[in-house]
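The following exercises are intended for a reader new to this structure. Each consists of a task and a solution worked step by step.

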Amino acid sequence: MKEKVVLASSLCKQYQIGDLTIQALRNLDIEVEKGEFISIHGQSGAGKTTLLNLIGGLDKPTSGNVVVFGHDLGTYDEDFLATFRCAYVGFVFQSYNLISTLTAFENVAFAVELAGWPRERIQSRSENLLKLVGLEHRADHFPAQLSGGEQQRVAFARALANNPPLILADEPTGNLDVKTGLEIVHIIARMKVEGKTVIVATHDKRILELANRRFKLHEGRIIESDE
Ligand SMILES: Nc1ncnc2c1ncn2[C@@H]1O[C@H](COP(=O)(O)OP(=O)(O)O)[C@@H](O)[C@H]1O
Ligand SMILES: [Mg+2]
């Protein structure tokens with residue numbers, strides 16, 4: 001039997017805004033095995049980002065369980081979750097989320113540093129990551145000097161800093177035009193070949209085609225999957 005990377009059962013997430021309770025996830029069950037490439041689609045507000053946040057330990061469930069690499073994430077405090085994220089998860093967001101005051105190189109080096117690489121290897125590791133996404137020639141440029149597609153490639157380099165076994169990407173081509181998005185699709189395709197476990201929220205047909213399994217979320221429930 002293959003190793004279970006994600007095991008979510010009866011997963012519920014509610015947000016409270018004043019008197020209003022929003023049911024973002026409703027009794028959701030999902031299992032993901034090592035090396036799988038999973039896509040999640042569904043209209044805006046369906047719960048895609050919430051689900052990725054829970055799987056990545058950025059937020060906690062209201063009820064139910066989300067067990068990732070054997071850790072039942074709802075039971076841990078923020079310190080442990082930070083350690084967990086650093087060890088296991090690379091995040092990529094729709095809006096890149098680079099640090100605007102750091103260059104492309106520094107954005108990546110910062111993540112490598114956080115991941116605890118030995119000092120003398122931070123430089124070469126960061127250079128190699130930028131090379132991997134084809135941006136070694138833009139190392140000294142700040143995010144504002146890079147196109148959206150280039151910023152997202154830096155974000156992927158950063159996500160890979162600690163060679164995490166799980167990559168979570170939230171609409172990574174959502175802000176990019178079709179042609180620019182293609183470079184991102186290539187990077188994601190390479191992760192699949194390398195055997196990383198990848199979970200992507202996306203509507204991009206090119207990414208959906210790469211997926212081993214596709215899930216559709218609707219109002220916090222999985223309503224369709226083509227297993
Ligand atoms: N921090 C939050 N506070 C309150 N409501 C939220 C918050 N984040 C998401 N929601 C709500 O939860 C639901 C699911 O949102 P989200 O997970 O962002 O969906 P998607 O990523 O599919 O667009 C939506 O109704 C959204 O408005
Ligand atoms: Mg979202």
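**Exercise 1. Determine whether Val66 is buried or exposed, and describe its surroundings.**

Step 1. Val66 counts as buried because 25 C-beta neighbours lie inside 10 Å. The criterion is that a residue is buried if 20 or more other C-beta atoms lie within 10 Å of its own, exposed if 12 or fewer, and partly exposed in between, with C-beta atoms placed from the backbone. The model is a predicted one, in which local features need pLDDT of at least 70 and side-chain atom pairs count only at pLDDT 80 or more, while totals for chains, interfaces and linings use all residues. Residues are numbered from 1 along each chain as its sequence is written, and chains are lettered from A and ligands numbered from 1 in the order in which they are written.

Step 2. Val66 belongs to strand 4. Helices (H or I, at least four residues) and strands (E, at least two) are DSSP runs, numbered from the N terminus.

Step 3. Residues up to four places away in sequence being left out, Val66 touches Ala8, Leu11, Leu54, Ile55, Pro61, Leu73 and Gly74. Contact requires that the C-beta atoms of two residues, placed from the backbone, lie within 7 Å.

Step 4. By contrast, His141 is 75 residues from Val66 in sequence and 39 Å from it in space, C-alpha to C-alpha.

**Exercise 2. State in which order the strands of the sheet with four strands are arranged.**

Step 1. The order of this open sheet is 2-1-4-5, and its pairing is antiparallel. Two strands pair if DSSP finds at least two bridges between them.

Step 2. Strand 2 and strand 5 are the edges, each pairing on one side only.

Step 3. Five bridges join strand 1 to strand 4 (residues 63-68) in the antiparallel sense. Val6 has Val68 of strand 4 as its bridge partner, and Ala8 stands opposite Val66.

Step 4. Strand 4 is also paired with strand 5 (residues 71-72), in the antiparallel sense over two bridges; here Val68 is partnered by His71. The hairpin of these two strands has two residues between them, and Phe69 takes a positive phi near 50°.

**Exercise 3. Describe the sheet of six strands and the helices that pack on it.**

Step 1. The six strands form an open sheet of mixed pairing, in the order 6-7-8-3-9-10. Its edge strands are strand 6 (89-92) and strand 10 (221-225). On average, neighbouring strands are turned by 20° against each other, direction ignored.

Step 2. Helix 5 (residues 148-159) packs on this sheet and touches strand 6 and strand 7 (166-170), its direction making about 170° with that of strand 6. Axes are lines fitted to C-alpha atoms, for helices over the stretch in contact, and angles run from 0 to 180 degrees between N-to-C directions.

Step 3. Helix 6 (residues 178-193) also packs on the sheet, where it touches strand 3, strand 7 and strand 8 (197-201). Its direction makes about 145° with that of strand 8.

Step 4. Within the sheet, strand 3 (residues 37-41) and strand 9 (residues 213-218) are parallel partners over four bridges. One of the pairs is Ile38 with Arg213.

**Exercise 4. Identify which elements supply the shell around ligand 1.**

Step 1. Strand 1 (4-17), strand 2 (20-33) and helix 1 (48-55) each supply at least two residues. Helix 1 gives the most, with three residues.

Step 2. The residues around ligand 1 include Tyr15, Ile22, Gly45, Lys48 and Thr49. A residue is near a molecule or strand if its C-beta atom, placed from the backbone, lies within 6 Å of it.
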